Amino acid sequence: MTSEALAPHRIHHPHHHEEKNAMRTRRRALALWAVLTLTTMAQVSPAEAAAMRPPGSGEACTYSVSQNGFEATAVCKNDNHHPIEFRAVIICGMSWDATGAWVTVQPGKRRSSSGRCSQLGTGVGGVSADVRDL
């Protein structure tokens, strides 16, 4: 026998290239997720993040979702003796989460903040509010 006949042969796997491509795609998706997560986190300053809180005993907030399921609204009444700011925080299914605009609410008053999920996703999955004292 020749040395070629005794040497182990490579077995060709027909799906080998597909597996490599799938792994490469997963690595790229993970890298993209990491970059987008860090970018999103960088948009909130440490001071702003520390000042934000959920609604407390001095605020009465209600939440609603539009009939189409892609827009949500938070309505908060300020029962404190000082002004507050709040914004709607919308959890979106299969797309980026959304936030409404910050609105200022004077003592004894009520205001609303709304946001919309991308039509590419599955719509609103949940609604809450971020509050900060002024």
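## Surface and burial

The protein chain of this predicted model has an accessible surface of about 9,500 Å². Carbon and sulfur atoms hold 59% of that surface. Areas come from the Shrake-Rupley method with a 1.4 Å probe, and for residues only the protein chains shown count as cover. Of the chain's 134 residues, 27% are buried. Buried means under 20% relative accessible area, exposed means over 50%, and partly exposed lies in between (1.4 Å probe, protein chains only).

## Basis and confidence

Residues are numbered from 1 along each chain as its sequence is written, and side-chain values use heavy atoms, with hydrogens and water left out. Local features need pLDDT of at least 70, side-chain atom pairs count only at pLDDT 80 or more, and totals for chains, interfaces and linings use all residues.

Mean pLDDT (the predictor's confidence in each residue, from 0 to 100) is 81 for the protein chain. A value of 70 or more is reached by 63% of the residues. Contact means heavy atoms within 4.5 Å.

## Fold

The protein chain has 3 helices and 7 strands. Along the sequence, the order is α-α-α-β-β-β-β-β-β-β. Helices (H or I, at least four residues) and strands (E, at least two) are DSSP runs, numbered from the N terminus.

Take the contacts in the protein chain with a separation of 6 or more: 63% of them join residues 24 or more positions apart.

## Nonpolar core

The largest nonpolar core has 17 residues. Such a core is a set of buried Ala, Val, Leu, Ile, Met, Phe, Trp, Tyr and Cys residues joined through side-chain atoms within 4.5 Å. Phe-86, Ile-90 and Cys-117 touch the most other members. Strands S2 (71-78), S3 (84-93), S5 (103-105) and S7 (123-133) each supply at least two core residues. S3 gives the largest share, with 5 residues. In soluble globular proteins, nonpolar side chains tend to be buried together.

Cys-117 has contacts on both sides in sequence. Beyond four places away, Cys-117 touches Phe-70, Ile-90, Ile-91, Cys-92, Ser-95, Gly-123 and Val-124.

## Buried strand positions

Val-89 lies in strand S3. Its relative accessible area is 15%, so Val-89 counts as buried. The C-alpha atoms of Val-89 and Val-127 are 5.7 Å apart, although 38 residues separate the two along the chain.

Gly-115 belongs to strand S6 (residues 110-116). Gly-115 is buried too, at 8% relative accessible area. Its C-alpha atom is 7.8 Å from that of Ala-101, 14 residues away along the chain. Not counting residues up to four places away, Gly-115 touches Phe-70, Glu-71, Ala-72, Ile-90, Thr-99 and Gly-100.

## An exposed loop residue

Met-94 sits in the loop between S3 and strand S4 (98-99). Met-94 is exposed, with a relative accessible area of 73%. Its phi is positive, about 60 degrees, though Met-94 is not a glycine. Most residues other than glycine have a negative phi.

## Rings

The charged end of Arg-132 sits over the ring of Trp-102, 3.6 Å from the ring centre. The criterion is NZ of Lys or CZ of Arg within 6 Å of the ring centre and within 35 degrees of the ring normal.
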